[in-house]
Amino acid sequence: MPAFSCAFPGCRRDLLVIVLVVFVGIGLPIEASAPAYQSHGTEGSHLTNITNTKKAFPVLAVNYEHVRKPFEIALWILLALLMKLGFHLIPRLSAVVPESCLLIVVGLLVGGLIKVIGEEPPVLDSQLFFLCLLPPIILDAGYFLPIRPFTENVGTILVFAVIGTLWNAFFMGGLLYALCQIESVGLSGVDLLACLLFGSIVSAVDPVAVLAVFEEIHINELVHILVFGESLLNDAVTVVLYNLFEEFSKVGTVTVLDVFLGVVCFFVVSLGGVLVGAIYGFLAAFTSRFTSHTRVIEPLFVFLYSYMAYLSSEMFHLSGIMALIACGVVMRPYVEANISHKSYTTIKYFLKMWSSVSETLIFIFLGVSTVAGPHAWNWTFVITTVILCLVSRVLGVIGLTFIINKFRIVKLTKKDQFIVAYGGLRGAIAFSLGYLLSNSHQMRNLFLTAIITVIFFTVFVQGMTIRPLVELLAVKKKKESKPSINEEIHTEFLDHLLTGVEGVCGHYGHYHWKEKLNRFNKTYVKRWLIAGENFKEPELIAFYRKMELKQAIMMVESGQLPSVLPSTISMQNIQPRAIPRVSKKREEEIRRILRANLQNNKQKMRSRSYSRHTLFDADEEDNVSEVRLRKTKMEMERRVSVMERRVSVMEREGRCDGEGGSV
């Protein structure tokens, strides 16, 4: 140790400095600390310098700006979940008030609180809504879309979605323009294109609002799929009308060519969105073929391909909603045939959770955005807008249903028409389209105020009264129980039977083309999109296996059956099935039937053998047929001998004698 000290003079002093730096506070910057290490003066001056320049180590520091954005997002989601949890914990409240109404009220309270403390309330930004909040809801609806009722009513849905939306837009736009021409209203500066633009915004039924209300009242499947299908498919019409009228209002003039291009644009937007969604759906199905060794990433492919379909459609100004629906419908049967059951459960519950949170946030933000403003109030314009929304919807449904019922087998009743008309709710899509209007638009604030009023009226008034009206009118409700395997198999059997009837009659209807599509799918598509030998399994067996597995999973999830049998159960504990016991009279009847059938088979065999033998004697050249006859005769004799042996064995064993015997 002395040699070490002499070889390195001043090492103890430097070691003391390092210990002080570690235990006293944080290290100084290099520029500030360098002179202390370079100074080789007295120990007292060096320690004084260190003590004067060092600051205490900050034990606790706060930097809210560093985590502000994700922290506030987490708070909003937590608030949404707590509101949903509290809503369902109060049965009396949930039985009277729809969940969407309560969430909007919560948003109003939160927005008012933010404004009271002097902050600016956040507004439901259009980019946030269309790119983050809306896709999960549409994907959940498209992926779990009931295919059979949707395809059976797709004609009616398209009529309501296309013609009905066009009727609402032009009817409301024209009458509002006539209203604005009245001098006492004070809106004489509003032109026709601006009114048509506003009519296109508030004319479309909102899928988010429809889902929020109709899932609570459990309406029958026909009415639900008509209203919900209309809300999904009218997106293309709304997007085209909005873009057209916004562009025309800037130009100021409309030509015949512009109208023609608008019609072409509708088909491009709608069919282009469907095509993009179908392409991504097939890509997702093809990718799922190779995930058998990496099951953990299977749900991610479903979510990412779907979201890419939506973004790609939005990038080309196509219908993102149509793309999501097409992607979900196309990928589901093939993906579910490839992925594991755990992945299927993950996809199902994650989509439900994601869509529920998005729906909750949308309604809360609607309330907050209402407080944020800005607003421009005009009693005449706003009240007339609400009335015209109801009138145009009722007239459109009645007029279109009168035409549709001429071609439908199952007619829409008056009660169904009333629920379809009354269930045309507006929601956040209308608000977001109104918010997209440029700030330079002279009617932007008035349009936003009228849109919010229409949303509040449809959600609060119509949403709260539709349940009592359904019960008052005794409208048929949805069946709570799932169809059994027997019902599903007989439904498939009836489909094949009706396909055969159409083929016999020479009428190529719905069932004929459905069968053609199924054959093409089974022959070509499944071979490329489904892994292994699953696509070669007979259709009836595959369908029965699928329904049996689905029913078993439902029973396990509901707690009716254990998911795994206990390992302690052995084969010795399993009791053999008891042989049913019959009376002596029944035994005699069974023996008489067996003997009678045996005698009949012998007589039939002898008569057929004699007739065919004489026939072949007349035609000795047909040696091949004679060989077949001999084989048939030998086979029938063998069967008769087997039956005789069975009867004799039964008699020897005493199964047909004595009291209390069994068969």
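**Helix packing, core and salt bridges**

The buried residues of α7 pack against α5, α12 (207-217), α18 (341-372) and α22 (444-473). Contact here means heavy atoms within 4.5 Å, and buried means under 20% relative accessible area, with exposed over 50% and partly exposed in between (1.4 Å probe, protein chains only). Helices (H or I, at least four residues) and strands (E, at least two) are DSSP runs, numbered from the N terminus.

Before going further, the conditions. This is a predicted model, in which local features need pLDDT of at least 70 and side-chain atom pairs count only at pLDDT 80 or more, while totals for chains, interfaces and linings use all residues. Residues are numbered from 1 along each chain as its sequence is written, and side-chain values use heavy atoms, with hydrogens and water left out.

Back to α7. Which of its residues are buried? They are Glu99, Ser100, Cys101, Leu103, Ile104, Val106, Gly107, Val110, Gly111 and Ile114. The helix covers residues 99-116, 18 residues in total, and its first and last C-alpha atoms are 26 Å apart, close to the expected 26 Å. The expected span is 1.5 Å times one less than the number of residues. Just after α7, Gly118 has a positive phi of about 95°.

Now the chain as a whole. It has 27 helices and 0 strands. Of its 663 residues, 39% count as buried. Among contacts with a separation of 6 or more, 81% are between residues 24 or more positions apart. The accessible surface comes to about 39000 Å², and carbon and sulfur atoms hold 65% of that. Those areas come from the Shrake-Rupley method with a 1.4 Å probe; for residues, only the protein chains shown count as cover.

Next, the core. A nonpolar core is a set of buried Ala, Val, Leu, Ile, Met, Phe, Trp, Tyr and Cys residues joined through side-chain atoms within 4.5 Å. The largest one has 135 residues, and the members that touch the most others are Phe129, Leu134, Phe214 and Phe381. Helix α22 gives the most to this core, with 12 residues. What does Phe381 touch, leaving aside neighbours within four places in sequence? The contacts are Leu176, Leu179, Cys180, Leu187, Phe198, Leu446, Phe447 and Ala450.

Asp140 sits in helix α8 (residues 126-143), and at 10% relative accessibility it counts as buried. Not counting residues up to four places away in sequence, Asp140 touches Leu351, Lys352 and Ser355.

On to salt bridges, each defined as a side-chain nitrogen of Lys or Arg within 4 Å of a carboxyl oxygen of Asp or Glu. How many does the structure hold? There are 10.

Arg148 pairs with Glu152, with the closest N and O atoms 3.3 Å apart. The two are about one helical turn apart, because they lie 4 residues from each other in helix α9 (residues 147-152). Arg148 is partly exposed at 30%, and Glu152 is partly exposed at 41%.

Arg519 and Glu515 meet at 3.5 Å, N to O. They too are 4 residues apart, in helix α24 (residues 510-529), and so about one helical turn from each other. Arg519 is exposed at 53%, whereas Glu515 is buried at 16%.

Arg295 and Glu298 form a salt bridge at 2.6 Å between the closest N and O atoms. Arg295 is partly exposed at 32%, while Glu298 is buried at 3%.

Last, the surface. A nonpolar patch of about 960 Å² is made by Val62, Tyr64, Val67, Phe71, Leu75, Leu78, Leu82, Leu85, Leu89 and Ile90. Patches take residues with over 30% relative accessible area and no salt bridge; like charges are joined within 9 Å, and nonpolar side chains (Val, Leu, Ile, Met, Phe, Trp, Tyr) within 5 Å. Val62 lies in the loop between α4 (43-53) and α5 (68-88) and is exposed, with a relative accessible area of 78%.
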